[in-house]
Amino acid sequence: MASGIIYGRIPASAVHLCVDMQRMFAEETAWRTPWMPRVLPVVVRLCERRADRTCFTRFIPARSPGDGRGAWRRYWRRWESITLENLGEEGVELLPELQTFTPPARVLDKAHYSPWMGTNLASALAAGQVDTLVVTGAETDMCVLAAVLGAVDLGFRVIVVSDAVCSSSDQAHEALLNLYHDRFSQQIETAECDEVLDAWT
């Protein structure tokens with residue numbers, strides 16, 4: 001199982017895509033990710049070095065349980081406590097430790113797991129001639145997964161920072177990291193933060 005930076009140095013043009021490091025995943029909600037506080041200092045380290053190359057995504061829930069189309073409507077009925085009218089607007093905010101990086105870091109709001117649907121992310125990266133993404137955030141097996149697989153389909157080199165992603169399921173987290181090693185090794189690298197910072201020119 002290959003891990004680490006295996007396809008050369010990370011170009012200066014790379015973008016740090018930090019997925020959904022929001023209050024609603026860190027505080028006492030139905031979606032709390034218990035070990036988000038453990039990865040937060042690692043994410044902060046990356047932001048301190050590359051704030052100007054960082055894009056934070058925020059998952060924006062439906063406003064009320066009856067909203068959404070198709071299966072999303074059923075989804076928001078199941079998770080009505082996370083809808084904006086119950087959660088409150090403050091729940092979607094970035095963690096306070098990360099808010100200090102905006103600007104220069106940018107914030108991208110999305111209504112789906114994937115940051116590629118209904119946003120201008122792909123076109124903005126193309127305009128900036130970005131071909132490499134360094135990915136952190138939550139959850140490894142949900143929104144991070146959607147971000148990573150979408151990036152692969154679009155042809156990006158993807159580097160998942162293994163000590164800067166987290167999930168509420170340890171088993172699924174480990175399974176996804178193994179999947180990247182075993183099935184996506186030509187397109188996805190996994191490496192710890194120290195190695196990423198050393199390789200980012």
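**Into strand 4 and beyond**

Guide: Let's start with Q129, which is exposed because its relative accessible area is 69% (exposed means over 50%, buried under 20%, partly exposed in between, with a 1.4 Å probe and protein chains only). Before going on: this is a predicted model, so local features need pLDDT of at least 70 and side-chain atom pairs count only at pLDDT 80 or more, while totals for chains, interfaces and linings use all residues. Residues are numbered from 1 along each chain as its sequence is written, and side-chain values use heavy atoms, with hydrogens and water left out.

Q129 sits in the loop between helix 6 (121–127) and strand 4; helices (H or I, at least four residues) and strands (E, at least two) are DSSP runs, numbered from the N terminus. Its phi is near 55 degrees, a positive value in a residue other than glycine. D20 also has phi near 55 degrees, but D20 is buried, at 0% relative accessibility. You'll find D20 in the loop between strand 1 (15–19) and helix 1 (23–26).

Now step into strand 4, residues 132–138, and stop at T136. With 0% relative accessibility, T136 is buried. Its side chain has a polar contact of 2.8 Å with that of H16 (a pair of N or O atoms within 3.5 Å; within protein, one must be able to donate a hydrogen and the other to accept it, and residues adjacent in sequence count only if both atoms are side-chain atoms). Setting aside neighbours within four places in sequence, the contacts of T136 (heavy atoms within 4.5 Å) include H16, C18, V43, L46, V144 and V161. Past the strand, E139 lies in the loop leading from strand 4 to helix 7 (143–153), and the peptide bond from A138 to E139 is cis, with omega near -15 degrees.

Follow helix 2 to R49, which is partly exposed because its relative accessible area is 48%. R49 and L197 are 148 residues apart in sequence, yet their C-alpha atoms are 8.0 Å apart in space. A polar atom of the R49 side chain lies 3.4 Å from the backbone oxygen of L197.

Last stop, V158, which stands opposite I188 in strand 6. Strand 5 (residues 157–166) pairs with strand 6 in the parallel sense over four bridges (pairing takes at least two DSSP bridges). From strand 5 the chain goes through helix 8 (residues 170–183) to strand 6, a right-handed β-α-β crossover: with the strands pointing away from the viewer, the path from the first strand over the helix to the second runs clockwise. In a regular strand the side chains alternate between the two faces of the sheet. In strand 6 (residues 188–191), both faces are covered, with I188 and T190 buried on one side and E189 and A191 buried on the other.
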